[in-house]
Amino acid sequence: MQQFPCPFCGLRNEREFHFAGEAGKTRPDTTGKVSNADWASYLYTLKNRKGEVREVWMHRSCSELFILRRNSVTMAVLGHEQLRKDVP
Ligand SMILES: [Zn+2]
C-alpha cells in the first residue's frame, strides 16, 4: 500500500485521499458565456501525462486540498505543496 504525504497530517495510507484533478488547469471565465463543450472539457478532460505530474488531491480525514507531485509511471511520490489559490 502506498503512502501519500498530507502537508497537514503527515504520511497517510493512499486510501485516505481523493484525486481532485490536474494542477494548473485554468477555469473558464464564468462571468461570460461558457459553452457546454468548454465547460465539459475543463471538468473532464485530463492531459494524463507520462512522467512527473502535479495533481490536486484531498485528504479526506482533514478535508484539505494540496498539490501532490508524483511520477505517473513509477508511482513514486516526489513531493507536495500547499494549494495556493493565487497560483494555478
Ligand atoms: Zn490531512
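# A guided tour from glycine 51 to the zinc site

Select glycine 51 first: this residue is located in the loop between α1 (36-44) and β4. Elements named here are DSSP runs numbered from the N terminus, where helices are H or I runs of at least four residues and strands are E runs of at least two.

The model is predicted, so local features are reported only at pLDDT of at least 70 and side-chain atom pairs only at pLDDT 80 or more, while totals for chains, interfaces and linings use all residues. Residues are numbered from 1 along each chain as its sequence is written, and side-chain values use heavy atoms, with hydrogens and water left out.

**Stop 1**

Remain at glycine 51. Is this residue buried or exposed? Its relative accessibility is 14%, and glycine 51 therefore counts as buried; the classes are buried under 20% relative accessible area, exposed over 50% and partly exposed in between, with a 1.4 Å probe and protein chains only. Display its contacts, defined by heavy atoms within 4.5 Å. Apart from residues up to four places away in sequence, glycine 51 touches Arg70, Asn71, Ser72 and Val73.

Asparagine 48 lies in the loop between α1 and β4. Its phi is near 50 degrees, a positive value in a residue other than glycine. With a relative accessibility of 66%, asparagine 48 counts as exposed.

**Stop 2: the whole chain**

Read from the N terminus, the order of elements is β-β-β-α-β-β-β. The C-alpha trace spans about 45 × 30 × 20 Å along its principal axes. Of the 88 residues, 24% count as buried. Among contacts between residues at least 6 apart in sequence, 43% join residues at least 24 apart. The accessible surface is about 6,400 Å², and 49% of that area belongs to carbon and sulfur atoms; such areas come from the Shrake-Rupley method with a 1.4 Å probe, and for residues only the protein chains shown count as cover.

**Stop 3: the strand pairings**

Colour the strands next; two of them pair if DSSP finds at least two bridges between them. β1 and β2 are antiparallel and share four bridges, and they form a hairpin with three residues between them. To find one of these bridges, select glutamine 3, whose partner in β2 is asparagine 13.

Move to strand β3 (residues 17-22), which is joined to β4 in the antiparallel sense by five bridges. Phenylalanine 17 faces histidine 59 in β4. On to β5: β4 and β5 run antiparallel, with eight bridges between them. Tryptophan 57 has phenylalanine 66 of β5 as its bridge partner. β4 and β5 form a hairpin with four residues between them. What is the phi of serine 63, in the turn of this hairpin? The angle is positive, at about 65 degrees. Serine 63 is exposed, at a relative accessible area of 52%.

**Stop 4: the zinc ion**

Centre the view on the zinc ion. Which residues coordinate the metal? The donors are Cys6 (SG), Cys9 (SG), His59 (ND1) and Cys62 (SG), at 2.0 to 2.4 Å. A donor is an N, O or S atom within 2.8 Å of the metal (3.2 Å for Na, K and Ca); water is not among the atoms, so sites may look incomplete. Along the sequence, the donor residues follow the spacing C-x2-C-x49-H-x2-C. Cysteine 9 belongs to the loop between β1 (3-6) and β2 (10-13), and cysteine 62 to the loop between β4 (52-59) and β5 (64-71), so this pair ties together parts that are 53 residues apart in sequence. The four donor atoms subtend angles of 107 to 113 degrees, which makes the arrangement tetrahedral; for four donors, that label requires all angles to lie between 85 and 135 degrees. Cysteine 9 counts as partly exposed at 28% relative accessibility, and cysteine 62 is also partly exposed, at 26%.

**Stop 5: the nonpolar core**

Finally, select Phe4, Cys6, Phe17, Trp57, Phe66 and Leu68, the six residues of the largest nonpolar core. β1 and β5 each supply at least two residues of this core. Such a core is a set of buried Ala, Val, Leu, Ile, Met, Phe, Trp, Tyr and Cys residues joined through side-chain atoms within 4.5 Å. Cys6 of this core is also a zinc donor. End on leucine 68: beyond its neighbours within four places in sequence, its contacts include Phe4, Pro5, Val53, Trp57, Val77 and His80.

How values were computed
Four donors count as tetrahedral if all angles lie between 85 and 135 degrees; four count as square planar and six as octahedral if opposite donors are over 155 degrees apart and all others between 65 and 115; anything else is irregular.
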